[in-house]
Amino acid sequence: RRPDLLSLMAVQALFEASMYIFVLVFAPAIVAAAPAAAREGLPFGKVFSCFMAACAVGSATFSLCSAKGLRAEAFLLPVLLGAACALYLASSPPAATMLQRALSMSHKPLYLVFCFAAFEAAVGVYFPAVGGLRAAYLPGAQRGAIMALTRVPLNLLVIAVALARDRLGDTGALRCAAAAQLLAAAALASLWAR
């Protein structure tokens, strides 16, 4: 019945659902964006390495923000909004074309890797930040039960998008993930306002 618990549960369920949707979509989206002749030899090992490096940059960013004494609620909000933008830009061909031109990126797969790496940087900030938020807002005795309850809406959202993926396509699935990020940002804003 505590609004701060519900807000934190919503942040966690929505962010992590969008992360799992991203995991379902990123490889097929990159393959679909590649020219037919190049689809067989895409370097997914290097792509994944880029994602992990971006995640490490996000984690280092969290450390810098924490060392400056910033509250996780304060710096996590722009991170969630940035993650939503990254996922939306990956899903949006008109925005993709404009950004590709601005960055001189002639290859759509490279553009997608750039957008997805930005999302992974947000993941790197999110996990240590939400760990601190859980310690601050969730009572220790009930933390496990509350975390288990958070998994229910998370899994329902991921399953719904996975089942509707034929209708949604990669674009629709990425937009669902971006919408989940925006809702997570709204829930975090309500937590921060308390």
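Modeller: A residue is buried if its relative accessible area is under 20%, exposed if over 50%, and partly exposed in between (1.4 Å probe, protein chains only). By that rule, 44% of the 194 residues of the protein are buried. This is a predicted model, where local features need pLDDT of at least 70 and side-chain atom pairs count only at pLDDT 80 or more, while totals for chains, interfaces and linings use all residues. Residues are numbered from 1 along each chain as its sequence is written, and side-chain values use heavy atoms, leaving out hydrogens and water.

First, the setting. The protein has 7 helices and 0 strands. These are DSSP runs, numbered from the N terminus: helices are H or I with at least four residues, strands are E with at least two. Along the sequence the pattern reads α-α-α-α-α-α-α.

Our part is helix H6. Helix H6 covers residues 143–163, which makes 21 residues. Start with its length. The expected span of a helix is 1.5 Å times one less than its number of residues.

Now its sides. Ile146, Met147, Thr150, Leu154, Val158 and Val161 of H6 are buried. Their directions fall within an arc of 105 degrees when seen down the axis of H6, so the buried residues line one face. The arc is taken from the directions that run from the helix axis to the C-beta atoms. An α-helix has 3.6 residues a turn, so residues three or four places apart point the same way. The other side of H6 holds exposed residues: Leu149, Leu156 and Leu163.

What does H6 pack against? One partner is H1. The axes of H1 and H6 come within 8 Å and cross at roughly 40 degrees. Axes are lines fitted to C-alpha atoms, for helices over the stretch in contact, and angles run from 0 to 180 degrees between N-to-C directions. The crossing of H1 and H6 is right-handed.

Leu6 lies in helix H1, which spans residues 3–33. Leu6 and Thr150 are 144 residues apart in sequence, but their C-alpha atoms are 9.3 Å apart in space. At 53% relative accessibility, Leu6 counts as exposed.

Another helix pair gives a second example. H2 (residues 44–67) and H5 (residues 108–137) pack at about 40 degrees, with axes 7 Å apart. H2 and H5 also make a right-handed crossing.

Notes. A crossing is left-handed if the near helix is turned anticlockwise from the far one by less than a right angle, and right-handed if clockwise.
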